[in-house]
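Trainee: I am new to this structure and would be grateful for a guided introduction. May I put some questions to you?

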Amino acid sequence: MISDWSVILLSLRVSLVATALVVPVGLVVAWVLVRKRMPGLFILDLLVSLPLAVTPVVIGYALLSVFGQRSPVGRFLEDTLGVSVAFTWLGAVLASAILAFPLAVRAYMVAISGVDTRLESAARSLGARPLRVFATITLPLAYRGILAGTLLAFVRALSEFGATIMIAGNIPGQTQTIPLAIFSRISAGRDGAALQLVVVAVVLAALSILVHNYLVGRVRTGESAGEARGPR
Amino acid sequence: MTRHSLAAIAALLLIACLSCGPDRVAAGPPVRVLAAASLGDVMRELAIDYRAQGGAVEISEGPSGALAVQVRRGVPSEIVVFAGQRPMDELERAGFLEPGSRINLLSNSLIIVVRDTYGGNVTSLADLAERFEGKIAIADPDLAPAGEYAIAALQSAGVLERVQGRLVRSLDVRAATASVSLGTADAAVVYTTDAIGVENIRVAGTIPPETYPEIVYPAAVLNGARDLDGAHRFMEYLKSERASATFRSHGFTRLAAMR
């Protein structure tokens, strides 16, 4: 029988991989939205927020349309690369990542826009390339906001249901994450068993917040040390 | 062994761990069954039994609407089982079913449940109208077929108008059962299968099946099946005496007749 543990471990794995996808892509998109001035940015901004504006079931439907066997994309991935997204844990990762993306990007945008552009241009004037400026100036100064956005993304990924059940199905041991298992148990009238997993979800959220707070605390001491050393 | 090769092995292991699906089955894809959520528990129990006999099957459950979309968008799967004829009719019309494979697998029935502390003697819908004053929960007929059946039964019993003011519409039939269990309603008209294993309620009476439309759970093989033989074998298993004992233990009646 599929135990609670396999459900929990799968959920953690899906959410961690989804978050690992969201962070780098989210940082690039947020940086472009905040620092670049070019036409079409509004469209990008809208696209980023779209997963929050429509119901997750629609996202799941769209994912099925793209990655199902009736779409050329789905067939190409399956036949040529041997990768199947529909009804695999990769589908669950993709669904979680897309639904978590807007939360991360919004937080990253606020964090990056809070970084003094004069510091960035000073670095550039000293010969640093854009990537180096981003890695050594922007990222460290926006660290706290980036952590907050990443926390939001991870917790949102943990709770993803509507898009996941469409693209990944609900197969115990393969794609059944915590929210899907809760749905199955309620559908079967096993409310007590469902409640157990609700408690697990709350505990995981609490642990995520504690990890986030710990990392924020670390950077605070790091910054004050930097201020003590650096000329003001 | 150098530190580099150790690191390389560790990285490979990590990639392998991340890229393989959990509990991956070794040979050939298993027969994949898309099942209505209300059948999830019993289908999983059957799958375990089928695997113990050497078969390969996996169950994915969800709301009927989601299952129909999954079939239409080409999720590789062999069998669908719905909790109503409508989604199956649509798939059949759109040409997704293996011709001749559709059967009416299971049936369900309607019962009256009350709080287990209720001491009165209510056994029929007429009793609910005449000798009962509490709230009666049903699934919302606009949202769930269980509600349509309950309304039809109340109508046949000639008591719909008298209980109208005391009817409480729940999101679905599970919620109707839960509202009695939790005490927000005093009685409910629900499926036989819903009362099994629910605390704080008891079955007060069964409703004559001729007073509402037949409740049917149809099953069919999909013509996009990767493994047609395997699909037909599992359908035979679903129709077997062995499987029907499990269905009965969950409150279902096996029909397994050709439509």
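Trainee: Is A:V115 buried, partly exposed or exposed?

Mentor: The model is a predicted one. Around A:V115, 19 other C-beta atoms lie within 10 Å. A residue counts as buried at 20 or more and as exposed at 12 or fewer. The count for A:V115 falls in between, so this residue is partly exposed.

Trainee: Which strands stand at the edges of the open sheet in chain B?

Mentor: This sheet has 5 strands with mixed pairing, in the order β7-β6-β8-β5-β9. The twist from one strand to the next averages 35 degrees. Two strands have a single partner each, so one side of each lacks a neighbour in the sheet; they are β7 (167–170) and β9 (201–206) of chain B.

Trainee: Which residue is the bridge partner of B:I111 in β8(B)?

Mentor: Strands β5 (residues 110–115) and β8 (residues 187–191) of chain B pair in the antiparallel sense, over 5 bridges. Helix α8 (residues 173–182) of chain B packs on the sheet and touches both β5 and β8 of chain B. Within β8(B), the partner of B:I111 is B:V190.

Technical notes: Residues are numbered from 1 along each chain as its sequence is written. Chains are lettered from A and ligands numbered from 1 in the order in which they are written. This is a predicted model: local features need pLDDT of at least 70, side-chain atom pairs count only at pLDDT 80 or more; totals for chains, interfaces and linings use all residues. Two strands pair if DSSP finds at least two bridges between them. Helices (H or I, at least four residues) and strands (E, at least two) are DSSP runs, numbered from the N terminus. Axes are lines fitted to C-alpha atoms, for helices over the stretch in contact, and angles run from 0 to 180 degrees between N-to-C directions. Two residues are in contact if their C-beta atoms, placed from the backbone, lie within 7 Å.
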